[in-house]
Amino acid sequence: MTIQTKKTIWTSKDAAAATKGTATADFAVTGISIDTRTLQPGDLFIALKGDSLDGHAYVDQAFAAGAAAAVVNKNYDSTTAKGPLLVVDDTMQAMEHLARAARARATGKIIGVAGSVGKTGTKEMLATLFGALGSVHASKKSFNNHWGVPLTLSGLAADTDFGVFEIGMNHPGEIIGLTDQVRPHIAIITTIDQEHIEFFQNGLDGIADANAEIFTGMDAGGIAVLNRDNPYFARLKAAAEKQGIRTLYSFGEDEDADARLIDCALHADSSRVTAEILGERVKYKLLIPGKHIVMNSLGALAVVKAAGGDLQKAVEAFQSAEAVQGRGNRYSITLAEGTAPVTIIDESYNANPASMQAAFQVFALVEPQGDGRRIAVLGDMLELGKHGPQLHADLANPLLRARTDKLYCCGPLMDALYQALPPDWRGAHAKDSKMLADIVRAAVRPGDVILVKGSAGSKMAYVIEAIAALQNKDNQKEKQHAL
């Protein structure tokens with residue numbers, strides 16, 4: 001887990017001042033890391049102590065991997081260190097102090113991204129768009145929690161033009177501490193839906209209020225960008241106004257939206273969009289398919305325009321936008337030479353009812369080849385509380401409308417969906433994803449289109465790996481020989 005830039009972001013003097021720590025020697029670092037497996041030469045390694053692992057045990061490995069310095073607690077034996085140390089009272093707090101100091105010296109526009117669905121995709125889209133307009137620093141993967149936000153923020157160089165930070169939560173009150181670090185100039189809330197609802201006694205109202213906490217880190221000069229099509233638009237707008245935010249832009253299909261969809265053509269591998277963004281009409285092509293991606297693009301363009309960016313340059317950058325791994329990216333494999341390829345739609349990173357239905361809509365657009373079928377391979381959607389079984393069963397009609405031929409699923413909650421389907425549509429149900437992976441691997445045939453999706457805890461990546469392993473070995477050997 002590494003956030004890296006190419007320039008010096010912290011000297012020993014500045015880092016010591018920010019953390020109130022003591023440097024054992026002078027150093028200059030170009031990135032921040034908490035994981036020796038992904039650490040890059042020049043990084044500052046922060047030895048965090050977790051529930052099961054203590055980063056202090058990996059300090060030597062960090063230096064062996066090229067760390068320029070390490071942040072350690074006072075009880076660490078500094079006499080054994082193989083490089084410069086920054087000694088602090090608490091390494092987690094030190095990372096937060098670095099994050100706040102980085103934000104205090106930042107001169108560029110800072111954007112915060114919250115919402116129930118689409119945070120990571122929108123963050124990646126914004127990083128691509130702003131990357132066409134200047135230097136940009138953005139959260140990696142889904143680094144949006146109590147350690148991911150300060151890790152990302154602490155790696156922000158002072159002169160970066162745009163900083164884009166994903167801010168997440170699964171309990172009330174969590175976003176407050178994160179937005180207080182990021183202090184965004186512009187905040188976008190993608191949408192409000194059933195995410196982590198198990199932890200909210202007042203349901204979607206509580207989820208909306210928790211996401212609205214992002215406004216608490218903003219001042220009156222901040223800008224809020226909200227989804228006007230969402231039923232919680234008025235509640236979020238009121239929350240922003242309560243924080244004194246006077247400028248608000250909306251996006252969606254609603255005729256009153258400031259960033260409004262005029263027309264779109266949805267295809268299996270792309271979408272063509274005509275929209276009006278804060279008074280400026282644009283046409284563009286998205287290489288990531290799906291209506292939900294189109295709607296996220298409206299919000300992203302509204303943020304760019306609100307930040308004073310060149311909208312036409314930003315629109316051109318859509319040509320380089322790609323799906324995030326595990327969130328709609330595709331693979332094609334060949335089972336045997338001369339047979340139709342199998343298409344895998346990888347949605348294995350996470351899931352909730354809204355993202356499931358969005359994935360089904362894209363699934364329906366992808367045509368199987370030859371005698372291939374549409375096969376849905378689904379894992380449990382977690383953290384839905386007492387409504388979990390019913391919310392899974394409710395996916396039956398959307399799944400059938402997507403022209404699905406067979407469902408293979410795993411987990412106790414997905415059994416509710418499995419039983420809700422007519423017998424002809426049932427492939428198999430397994431206890432977990434490892435067991436399901438073997439079943440699916442045996443069922444795959446040429447030309448199939450396979451959607452794999454589930455919450456992160458369902459570990460649906462096992463299924464992706466099992467299907468990918470079916471790639472024709474003879475074809476692989478021919479390719480290797482040709483090289």
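In strand 11, Phe162, Val164 and Glu166 point one way, Gly163 and Phe165 point the other way, and all of them are buried (under 20% relative accessible area, with a 1.4 Å probe and protein chains only). In a regular strand, side chains alternate between the two faces of the sheet. Strand 11 spans residues 162-166, and because five of its five residues are buried, it is largely enclosed by the rest of the structure. Strands (E, at least two residues) and helices (H or I, at least four) are DSSP runs numbered from the N terminus. The model is a predicted one, in which local features need pLDDT of at least 70 and side-chain atom pairs pLDDT 80 or more, while totals for chains, interfaces and linings use all residues. Residues are numbered from 1 along each chain as its sequence is written, and side-chain values use heavy atoms, without hydrogens and water.

Strand 11 pairs in the parallel sense with strand 9 (residues 109-114) over five bridges, pairing requiring at least two DSSP bridges between two strands. Within this pair, Ile111 stands opposite Val164. Strand 10 (residues 136-138) also runs parallel to strand 11, joined to it by three bridges, and Val136 stands opposite Phe162.

The structure holds one cavity of 30 Å³ or more, a cavity being a set of points on a 1 Å grid over the protein atoms alone where a 1.4 Å probe fits but cannot get out. The volume of the largest cavity, about 30 Å³, is the space filled by probe spheres set on the points, which are joined across faces, edges and corners. Its lining (residues with an atom within 4 Å of a point) consists of Met125, Leu286, Leu287, Ile288, Ile293, Phe318 and Ala321.

Note on methods. 1 Å grid on protein atoms, 1.4 Å probe; cavity = no way out; pocket = protein on both sides within 12 Å on 5 of 7 lines; lining within 4 Å. Buried < 20%, exposed > 50% of the residue type's maximum accessible area, 1.4 Å probe, protein only.
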